[in-house]
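Subject: Structure handover

Hello,

Here is the structure I promised to pass on. Please open it alongside this email and read the two together.

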Amino acid sequence: MNEPVSPPEMEQMEREPQPRREPVFNLPPVVLAVIGICIVVYLLQQYVLTETQQLTLLYDGAFIPVLYTGKYGFDWFLFSRPFTYAFMHGGFAHIAINMVWLAAFGSPLANRLGALWFALFFALTGLASVVLFWAMHPYGEAPLVGASGAISGMMGAAARFGFRTDRSAGKAAFAGPVLPIAVVLRSRGVVIFLAMWMVINLATGLLGFAPGTDGQIAWEAHIGGFVAGFFGLRWFDRRWQAPEWETTDRRT
């Protein structure tokens with residue numbers, strides 16, 4: 001049996017804010033923009049461009065190590081390939097997996113860094129990926145494509161926060177100060193993640209096995225991006241804070 005509500009109770013209910021409903025897709029605009037560009041490029045490759053146009057896009061947009069040895073001369077795309085390759089993908093499984101990981105790790109990082117610094121982080125960790133890949137395969141002729149190098153950088157950044165997130169503002173963001181490397185390496189959960197990530201990358205790269213993909217996995221690019229994100233995060237994080245364990249009061 002329902003009881004009647006008195007007028008004071010009704011006024012109190014009206015003053016109380018209604019709980020806010022979270023949107024289904026709560027991704028930062030910069031992350032949505034990266035995902036959108038990758039999807040558009042993939043659809044163009046698969047359904048719009050002719051075979052000749054696809055080859056031209058692959059040559060001008062993908063990262064091809066041998067082109068940077070000086071053997072084939074100079075062209076202006078040498079400056080753009082180390083960045084545009086990240087927006088190209090080799091198949092549906094390739095782009096689908098990368099976009100899921102981008103949404104998972106990129107969203108809290110973008111909410112923490114802001115759009116501009118996240119974009120710079122994405123570009124420079126992607127650049128670090130191809131630098132290591134080129135250093136290990138300077139005469140390689142196979143084109144390198146995919147955002148996984150930059151996404152590995154985001155995983156490296158997540159490790160520096162100990163994977164801590166704050167949802168109090170209605171959107172997930174990595175929380176707290178950037179942890180010193182010594183503290184990160186003493187965290188069992190982070191160390192287990194790093195070990196599993198390294199083993200999976202080496203296994204899929206060296207053994208050439210990756211479900212749903214036809215090409216070789218560029219584990220070198222993944223490690224290059226991860227290292228850049230792990231060690232270089234402080235240059236992008238504008239919220240530098242005094243670590244919680246460093247205080248002026250030395251009393252115990």
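Below is what was found in it, starting with confidence and then moving through the fold.

**Confidence**

This is a predicted model. The mean pLDDT of the protein is 84. Of its residues, 79% reach 70 or more. Helix 6 has the highest mean pLDDT among the elements, at 97. Helix 1, residues 7-15, has the lowest, at 51.

Two stretches need care. Over residues 19-24, pLDDT stays under 50. The model has 3 contacts beyond four places in sequence for that stretch. Residues 209-213 also stay under 50. For residues 209-213, the model again has 3 contacts beyond four places in sequence. Where pLDDT is low, the predicted coordinates should not be read in detail.

**Overall fold**

The protein has 10 helices and 2 strands. From the N terminus, the order of elements is α-α-α-α-α-α-α-β-β-α-α-α. There are 252 residues, and buried ones make up 39% of them. Take the contacts between residues at least 6 apart in sequence: 75% of these join residues at least 24 apart.

**The core**

The largest nonpolar core has 46 residues. Those with the most contacts inside it are Leu102, Leu109, Phe118, Phe121, Leu144, Met154 and Leu233.

Leu144 is then in contact with Ala62, Phe63, Tyr85, Val130, Phe133, Ala218 and Ala221.

**Two helix pairs**

Start with helix 2 and helix 5. Their axes come within 9 Å and cross at roughly 170°. An angle over 145 degrees counts as roughly antiparallel, so helix 2 is roughly antiparallel to helix 5. On the helix 2 side, the contact uses Val30, Val31, Val34, Ile35, Cys38, Ile39 and Tyr42. These meet Phe92, Ile95, Met99, Leu102, Ala103, Gly106, Ser107 and Ala110 in helix 5. By class, that contact has 13 nonpolar and 2 polar residues, with no charged ones.

Now helix 3 (residues 51-61) and helix 4 (residues 77-84). They pack at an angle of about 95°, with axes 8 Å apart. Angles of 65 to 115 degrees count as roughly perpendicular, so helix 3 is roughly perpendicular to helix 4. Tyr59, Asp60 and Gly61 in helix 3 meet Phe77, Arg81 and Thr84 in helix 4. By class, this contact has 2 nonpolar, 2 polar and 2 charged residues.

Val145 lies in the loop between helix 6 and helix 7. Is Val145 buried or exposed? Its relative accessible area is 18%. Buried means under 20%, so Val145 is buried. Not counting residues up to four places away in sequence, Val145 touches Leu58, Ala62, Tyr85, Met88, His89, Gly90 and His94. Ala62 and Tyr85 are also contacts of Leu144. Val145 and Arg81 are 64 residues apart in sequence, yet 9.7 Å apart in space, C-alpha to C-alpha.

Ser148 is in helix 7. With a relative accessible area of 16%, Ser148 is buried too. Beyond residues up to four places away in sequence, Ser148 touches Asn98 and His222.

**Two loop residues**

Phe163 sits in the loop between helix 7 and strand 1 (165-166). Its phi is near 60°, a positive value in a residue other than glycine. At 28% relative accessibility, Phe163 counts as partly exposed.

Leu185 is in the loop between helix 8 (181-184) and helix 9. Its relative accessibility is 53%. Exposed means over 50%, so Leu185 counts as exposed. Leu185 and Gly162 are 23 residues apart along the chain, and their C-alpha atoms are separated by 9.8 Å.

Best wishes

Note on methods:
Residues are numbered from 1 along each chain as its sequence is written. This is a predicted model: local features need pLDDT of at least 70, side-chain atom pairs count only at pLDDT 80 or more; totals for chains, interfaces and linings use all residues. Side-chain values use heavy atoms; hydrogens and water are left out. A nonpolar core is a set of buried Ala, Val, Leu, Ile, Met, Phe, Trp, Tyr and Cys residues joined through side-chain atoms within 4.5 Å. Buried means under 20% relative accessible area, exposed over 50%, partly exposed in between (1.4 Å probe, protein chains only). Contact means heavy atoms within 4.5 Å. Axes are lines fitted to C-alpha atoms, for helices over the stretch in contact, and angles run from 0 to 180 degrees between N-to-C directions. Helices (H or I, at least four residues) and strands (E, at least two) are DSSP runs, numbered from the N terminus. Angles under 35 degrees count as roughly parallel, over 145 as roughly antiparallel, 65 to 115 as roughly perpendicular and the rest as oblique. Ala, Val, Leu, Ile, Met, Phe, Trp, Tyr, Cys and Pro count as nonpolar, Asp, Glu, Lys and Arg as charged, and the others, Gly among them, as polar. pLDDT is the predictor's confidence in each residue, from 0 to 100.
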